[in-house]
Structure formats: C-alpha cells, structure tokens
Amino acid sequence: MATTDQSSSMVRHPPHPTVESHLTFALKYEGLDLAVLKRLFQVTGPAPIEALVRERPTGSYARRIWFLYEWLTGARIDLPDADAGRYVPVVDPELQWSGPEKTASRYRIRDNLPGTPEFCPSGVSHQDSRKIHRP
C-alpha cells in the first residue's frame with residue numbers, strides 16, 4: 001500500500017494509522033472494495049464516520065465515506081444534510097466501473113455505483129486494467 005505505479009501520482013508514504021486516513025487513501029488510489037467497507041463499518045459503527053463528517057462537513061472524501069456507510073449498512077447517522085461542497089461522484093471512473101449518476105442531495109454526491117447495496121459489481125475500469133496487464 002506504500003506505493004502505486006510509477007506514474008506522476010506516486011505515493012511514497014502509507015496513510016496515517018487512522019480509519020479516516022485509510023479510507024481516504026483507498027478512495028483516492030485503490031477504489032472501492034464494498035465487502036471490506038461493509039465489514040469495516042460493522043466493526044467501527046457510526047462514531048468515527050460521524051466525527052469525520054462533523055470535522056470536515058464539506059470534504060468530498062468525508063461525504064463519500066458518509067454516503068457509503070449509510071448505503072452499505074442501511075443505518076442513518078445522526079447528521080444534518082450537507083449544505084455545502086461541490087457534488088462529487090462516489091466511484092472514480094478512472095479506477096473502477098461506474099453506473100449512471102443519481103444525485104444524493106443529503107451528502108452532495110453523485111451516486112454512480114453500478115448496483116444496489118445487495119449486489120453491486122465493482123471491477124477495475126478498462127483504463128486501469130490496461131495498466132495492470134502491461135509488461
């Protein structure tokens with residue numbers, strides 16, 4: 001996890017040992033693993049997600065993590081709807097397949113997950129898969 005490919009977006013240092021840092025790192029560089037996220041959220045509960053959103057209410061990664069928590073667990077965190085921050089997609093289409101966008105105004109995100117919480121394929125995008133298979 002300490003490095004990515006040899007492109008200009010090289011990551012030289014691993015994230016800080018916090019839930020927030022690891023989730024943000026994953027969203028930026030690795031994409032979503034919904035099964036891992038769901039299990040993590042079951043273990044952590046809502047407290048660290050609520051604290052993250054209260055600390056960074058306009059942060060795009062905080063709002064994505066908040067959306068994913070509620071979407072995967074079906075539990076609503078006691079937070080007011082987001083009222084600032086530009087709308088951002090949940091899935092980075094450069095990293096993974098995405099679906100049609102639906103506005104989720106509670107979080108000010110564009111839900112582009114290609115499925116439902118019960119079944120959501122989340123494979124590597126064509127663009128990224130070409131990088132993986134190059135010699």
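Start with Arg64. Leaving out residues up to four places away in sequence, Arg64 touches Leu27, Val88, Pro89, Val90 and Ile109. Keep in mind that this is a predicted model.

Where does Arg64 sit? It is in helix 4. Is Arg64 buried or exposed? It is buried, and yet it has no salt bridge. The nearest side chain of opposite charge belongs to Asp92, and that is 6.5 Å away.

Three strands form an open sheet, in the order 1-3-2, with mixed pairing. Strand 1 (88-89) and strand 2 (102-104) are the edges, each pairing on one side only. Helix 4, residues 60-73, packs on this sheet and touches strand 1, strand 2 and strand 3. The direction of helix 4 makes about 40° with that of strand 3.

Strand 1 and strand 3 (residues 109-111) run parallel, joined by 2 bridges. Pro89 has Arg110 as its bridge partner in strand 3.

Next, the core. How many residues does the largest nonpolar core have? It has 28. Among those with the most contacts inside it are Phe41, Phe67 and Leu68. Helices 1, 2, 3 and 4 each supply at least two residues of this core. Helix 4 gives the largest share, 8 residues. Take Leu68. Beyond its neighbours within four places in sequence, Leu68 is in contact with residues including Leu27, Phe41, Val90 and Leu113.

On to charges. Side chains of opposite charge can pair when their charged atoms come close. The structure holds 7 salt bridges. One of them joins Arg54 and Glu50, with the closest N and O atoms 3.0 Å apart. These two are 4 residues apart in helix 3, so about one helical turn separates them. Arg54 is partly exposed, at 48% relative accessibility.

Finally, Asp81. It forms a salt bridge with Arg106, at 2.7 Å from N to O. Asp81 lies in the loop between helix 4 and strand 1, and Arg106 in the loop between strand 2 and strand 3, so the pair ties together parts 25 residues apart in sequence. Arg106 is buried, at 8% relative accessible area, while Asp81 is partly exposed, at 44%. Asp81 also meets Arg76 in a salt bridge, at 3.7 Å. Arg76 is exposed, at 62%. Glu70, Arg76, Asp81 and Arg106 are linked in a network of salt bridges.

Definitions and conventions
Residues are numbered from 1 along each chain as its sequence is written. This is a predicted model: local features need pLDDT of at least 70, side-chain atom pairs count only at pLDDT 80 or more; totals for chains, interfaces and linings use all residues. Side-chain values use heavy atoms; hydrogens and water are left out. Two strands pair if DSSP finds at least two bridges between them. Contact means heavy atoms within 4.5 Å. Axes are lines fitted to C-alpha atoms, for helices over the stretch in contact, and angles run from 0 to 180 degrees between N-to-C directions. A nonpolar core is a set of buried Ala, Val, Leu, Ile, Met, Phe, Trp, Tyr and Cys residues joined through side-chain atoms within 4.5 Å. Buried means under 20% relative accessible area, exposed over 50%, partly exposed in between (1.4 Å probe, protein chains only). Lys and Arg count as positive and Asp and Glu as negative; His and the chain ends are not counted. A salt bridge is a side-chain nitrogen of Lys or Arg within 4 Å of a carboxyl oxygen of Asp or Glu.
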